[in-house]
Amino acid sequence: MTDQPAIEIRDLRFAWDGGSTPLLDIPAFDMGADERLFLRGPSGSGKSTLLGLIAGVLEPQSGSIRVLGEDMSSLSGAKRDRMRADHLGVIFQMFNLVPYLSVVQNVTLPCRFSQARRAAIAAAGGPVEEARRLLARLGLTDEKLLARPVTELSVGQQQRVAVARALIGGPNLLIADEPTSALDADARDRFIELLNEEASQSGAALLFVSHDGALASHFDRSVDLSELNRAGVAA
Ligand SMILES: Nc1ncnc2c1ncn2[C@@H]1O[C@H](COP(=O)(O)OP(=O)(O)OP(=O)(O)O)[C@@H](O)[C@H]1O
């Protein structure tokens, strides 16, 4: 699966509520298996919607979306869920950590839903061991901190937890949706470098989405959504 392109989109059309005016009309978009790609677009241009389509949370009205060689639009809902759980690591703008779980429990969460991720880290000692190893690589080692509910962590620490959770079990494609909007410029740059390093060490493709074009220099390639999308920017 890793030799397959990370993403291949052809003739994609998507309108919210099935309406006739598409938000997205993308003839073609390709991303390589180990590429680190920056996708820029202003607020409301459809970046999160596109990520939802790539992750198989949303379905297009027409066209095809192949992710790691699988045609998401031809898979059943259950198979799309499995594909996402097994092969995609997603870092959300607000991190979407589970507030009542500890740091370590948040990181091991994807392993609960994926046999493939559990199998990938079985040799490393299992989910808790692997969570601790990833957290340590990201600079979180304090035992007291690891046992705390995530809500008691700083924003920067929560980001690292979200990255560790996305990375556990070695997903082939990492998707990051504006994960730096709450950071100052220095912390933001460090965070992006960290994410790039982790993606390259684990051999994952990285699709990083933001409205802030200044971040483009951190990536192999940068694409503006308006270059891809014939439907243009929504009002
Ligand atoms: N669940 C939904 N139902 C209906 N319309 C939606 C829904 N989610 C988003 N939209 C609309 O789709 C358009 C694009 O939204 P989207 O969140 O994809 O943009 P974005 O580029 O990610 O924006 P931002 O940078 O502000 O997060 C907006 O006009 C928005 O109102």
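Trainee: Which residues come nearest the ligand, and what makes a residue count as near it?

Mentor: This is a predicted model, and in it Trp16, Ser43, Lys47, Ser48 and Thr49 come nearest, out of 12 residues around the ligand. The cut-off is a C-beta atom, placed from the backbone, within 6 Å of the molecule.

Trainee: How does the shell around the ligand divide into nonpolar, polar and charged?

Mentor: Three nonpolar, eight polar and one charged. Lys counts as charged, and Lys47 is among the residues that come nearest.

Trainee: How confident is the predictor in the protein chain?

Mentor: The average pLDDT is 90, and 97% of the residues score at least 70. On a scale from 0 to 100, strand β2 (residues 24–31) is highest at 97, while helix α8 (residues 185–201) is lowest, with a mean of 85. For the model scores, ipTM is 0.97 and pTM is 0.90.

Trainee: What does the UniProt record list for residues 7–231?

Mentor: The unreviewed entry has "domain: ABC transporter" there. In the model, that span is 38% helix and 21% strand, and its end C-alpha atoms lie 20 Å apart.

Trainee: What makes helix α3 (residues 103–112) "mostly covered"?

Mentor: Eight of its 10 residues are buried, among them Val103, Asn106 and Val107. The cover includes α2 (77–87), α4 (115–121), α5 (127–137), α6 (143–147) and α7 (155–167).

Trainee: Which residues is Val161 in contact with, leaving aside neighbours within four places in sequence?

Mentor: Leu97, Val103, Asn106, Val107, Val150 and Leu153. Val103, Asn106 and Val107 are buried residues of α3, and α7 is part of what covers that helix.

Trainee: How far apart are Val161 and Ala131 in sequence and in space?

Mentor: They're 30 residues apart in sequence and 9.3 Å apart in space, C-alpha to C-alpha.

Note on methods: Residues numbered from 1 in each chain as written. Predicted model: local features only at pLDDT ≥ 70, side-chain atom pairs only at ≥ 80, totals over all residues. Helix = DSSP H or I, 4+ residues; strand = E, 2+ residues; numbered from the N terminus. UniProt positions renumbered as here; feature names shortened; annotations may be inferred. Buried ≥ 20, exposed ≤ 12 C-beta atoms within 10 Å, placed from the backbone. Contact = placed C-beta atoms within 7 Å.
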